[in-house]
Amino acid sequence: MKQERFVALHSREWDSLQSWLSALDRQPRRTLRQEQTLDFAASYRRLCHHLALARGRGYSHEVTERLQRIVQQGHRVLYRPPAPRWHRVAGFLVAGFPRLVRAQWRCMAAAAALFYLPALFILVLMQLRPELAHTLFSSAQLAQFEKMYDPANALIGRSSGTDLQMFGYYVMNNVGIAFRTFASGLFFGVGAIYVLGANGVLIGGVAGHLTAIGYGGPFWRFVVGHSAFELSALVIAGGAGLQLGLTLLAPGRQRRGPALVAAGWVGAQLALGAFAMLLVAAFIEAYWSSIAALPDALKFGSGALLWVLVLGWLWRGGRAGAHGA
């Protein structure tokens, strides 16, 4: 093949790879996603083959030198040391996790419906029929809720315990609920459906009862701060559980065993991201949510801002730089 035709056939691919490598050189700590790594490896192999062909056919020094420069750039990327562990974790939480959530959007949407619809239904229903609270909760439980959210309480949402103690309690309680929601998906998704619905009824019942008796102000001021992280994490854990259940029911073209292993790996990553969100929620709940003296504008304004940030992160996180080599 003549040099002119060879260059015309492959020049665009060389330019694209060189532009991508140059952009990567400007961001040395950038972590490559798995699909980017695979695409780059295939492109790099083709480039090395093109260089060997150019040398073997005696093409001009200009062509071989151009290919050699790109090969050297690619070699630095291919054999550079891996990013530090903390950097890989941060990269996953900032970009990889929200991409994974979006990739499973159908399960996430189903989990959100299973959780929020019962919660909203019970919340509204209890404004019309407050006596239903005694059907959902015992008298002792209702008394405890009323004590925790009594407007006269200096610390809303809890009756005792230091901030640190409550942080530990919230971590154990919330992570336990999320883990059960995720793991119950192994029962063909039925367990995840039940746990999501039951938690929706429980949270809607508490909110509905307290609102109906006039304690809604302290309750909503308490939950608005940490709800963005906590409720979103619960839905994501539920979506991960549903994904496991659907894989068991319909593994597709794969055998059920390998399909479940692959789905389990995806689910485990989703669950880990949800647990990280619950740590943030527990910190906010222990050190911020319980402060009753803060003005409503600050409480509700910060809560709204956190909802915008969390939803924006899940919707946009990891989209930048998605089009690589």
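## Thr 211 and its surroundings

A polar atom of the Thr 211 side chain sits 2.7 Å from the backbone oxygen of Ala 207. This is a polar contact (a pair of N or O atoms within 3.5 Å; within protein, one must be able to donate a hydrogen and the other to accept it, and residues adjacent in sequence count only if both atoms are side-chain atoms). The model is predicted: local features need pLDDT of at least 70, side-chain atom pairs count only at pLDDT 80 or more, and totals for chains, interfaces and linings use all residues. Residues are numbered from 1 along each chain as its sequence is written, and side-chain values use heavy atoms, with hydrogens and water left out.

Thr 211 belongs to helix 9. Helices are DSSP runs (H or I, at least four residues), numbered from the N terminus. Thr 211 has a relative accessible area of 30%, so it is partly exposed. Buried means under 20%, exposed over 50%, and partly exposed in between (1.4 Å probe, protein chains only). Beyond its neighbours within four places in sequence, Thr 211 is in contact with Leu 123, Gln 127, Gly 216 and Trp 220. Contact here means heavy atoms within 4.5 Å. Ala 233 is 22 residues from Thr 211 in sequence and 24 Å away in space, C-alpha to C-alpha.

## Nonpolar cores

The largest nonpolar core has 25 residues. Such a core is a set of buried Ala, Val, Leu, Ile, Met, Phe, Trp, Tyr and Cys residues joined through side-chain atoms within 4.5 Å. Phe 97, Val 101, Ile 236, Leu 270 and Met 277 touch the most other members. Two or more residues each come from helix 4 (85–103), helix 8, helix 10 (216–249), helix 11 (256–289) and helix 12 (296–316). Helix 11 contributes the most, with 10 residues.

Take Leu 270. Neighbours within four places aside, Leu 270 is in contact with Phe 97, Leu 100, Val 101, Gln 104, Met 108, Ile 236 and Ala 240. Another core lies apart from the largest one. That core has 21 residues, including Leu 123, Met 126, Leu 210 and Ala 286.

## Salt bridges

The whole structure holds four salt bridges. Each is a side-chain nitrogen of Lys or Arg within 4 Å of a carboxyl oxygen of Asp or Glu. Glu 13 and Arg 46 pair at 2.7 Å, N to O. Glu 13 is in helix 1 (residues 3–25) and Arg 46 in helix 2 (residues 34–56), so this bridge ties together parts 33 residues apart in sequence. Glu 13 is partly exposed at 27%, and Arg 46 is partly exposed at 38%.

Asp 296 and Arg 221 meet at 3.4 Å, N to O. This pair links distant parts of the chain, with Asp 296 in helix 12 and Arg 221 in helix 10, 75 residues apart. Glu 131 bridges to Arg 129, with the closest N and O atoms 3.2 Å apart.

## Arg 66

Arg 66 lies in helix 3 (residues 61–78). Its relative accessibility is 18%, so Arg 66 counts as buried. Its side chain makes a polar contact of 3.1 Å with that of Ser 11. Residues up to four places away aside, Arg 66 touches Val 7, Ser 11, Trp 14 and Asp 15.
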